[in-house]
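Have a look at the structure first, then work through the points below.

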Amino acid sequence: MKKISIGGQAVLEGIMMKGKDSYALSIRKPDGEIEVEVTDYVSFNERCHTTKIPIVRGVIAFVESLYIGLGTLMRSSEFMEDEEEKNKKSSTKVENDLKKENDPKKSEKKEKDDGDKAYIIGTLVLSLIFAIGLFMLLPAFISNLLYKVTDRHWIVNLAEGLIRMGIFLLYVLVISKMPDIKRTFMYHGAEHKAINCMEAGDDLTPENVLKHTRFHRRCGTSFLFIVMFVSIIVFMFVKTDVIWLRLLSRILLIPVIGGISYEFIRYAGARDNVVSRILSAPGLWIQRLTTKEPDLEMAEVAIKSVEAVIDWREYVRCVREDSFED
């Protein structure tokens, strides 16, 4: 086995894990059972051989992560419906299936799938607009007011970066108080613990999983903090007090910032040295807000997601014997 890195995301009452060529969504249903859905998926970077192009691969990976993450989050919300509503949908599905058996036309499934994809893309676009407005444009607009008292661009850009980080931390702190988000953050902790357990060479049992740390260097929270930090550096080279040019530059440079940030987090996640520890430290600190200690049932869900995308037993054996293929 070659040494690979898997990553995931917490969703409503579940966890999504992404492996090399598939991702799995595991949900704890209201009746207590764990349902696992596996989707085959080959990234654009793999298909088009862009995995070795710095920054470009980061932009592509970021967009794909957003698409998959939003899709699995929306899928998980379906399991939160009442059992009665689910039964109605199940009955309707059976009736539709019986009708389709005698229907000479093409199945409506493709139309539904296309509609779901369009909905996901539309929601993704709106989410990006909200995020760009709140975390990129608003800090730029507020900091631009400082030009009334100073003409030093570096002061204004530094203030913008600090405002951006403040808004981000306040946002995370506020949503962490919501009950549903608290449980999601617990699943986030379970996701990290399961990956840490496997990468440490321990068997994936609920008890073993809970023994490991809930913090991980490759976490998306760390990525977002790196984005904040990189944006300060990049925007230092943009020197203008014309507000529309300032806001436009923030939008146009987002792919560059995302690509550079990806390289930072990729480096920090693959190495254990002084530089990687320094790069990881702020993100690990913020994970104290975005991860919580999970329970055994959440650990079970995490294990189901891991074993659906990778042979963890073989992986653990290779860790113990240091026998990964080059």
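Strand β3 and strand β4 (residues 34-40) run antiparallel and are joined by seven bridges; two strands count as paired if DSSP finds at least two bridges between them. Helices (H or I, at least four residues) and strands (E, at least two) are DSSP runs, numbered from the N terminus. Keep in mind that this is a predicted model: local features need pLDDT of at least 70, side-chain atom pairs count only at pLDDT 80 or more, and totals for chains, interfaces and linings use all residues. Residues are numbered from 1 along each chain as its sequence is written, and side-chain values use heavy atoms, with hydrogens and water left out.

**β3 and its neighbours**
- Isoleucine 15 faces serine 26 of β3, and a three-residue hairpin links β2 to β3.

**Burial of β3**
- Seven of the seven residues of β3 (residues 22-28) are buried, so the strand is largely enclosed by the rest of the structure; buried means under 20% relative accessible area (1.4 Å probe, protein chains only).
- Ser22, Ala24, Ser26 and Arg28 are buried on one side, and Tyr23, Leu25 and Ile27 on the other.

**Helix pair**
- The axes of α5 (residues 153-175) and α11 (residues 274-290) come within 9 Å and cross at roughly 30°; axes are lines fitted to C-alpha atoms over the stretch in contact, with angles from 0 to 180 degrees between N-to-C directions.

Conventions
Buried < 20%, exposed > 50% of the residue type's maximum accessible area, 1.4 Å probe, protein only.
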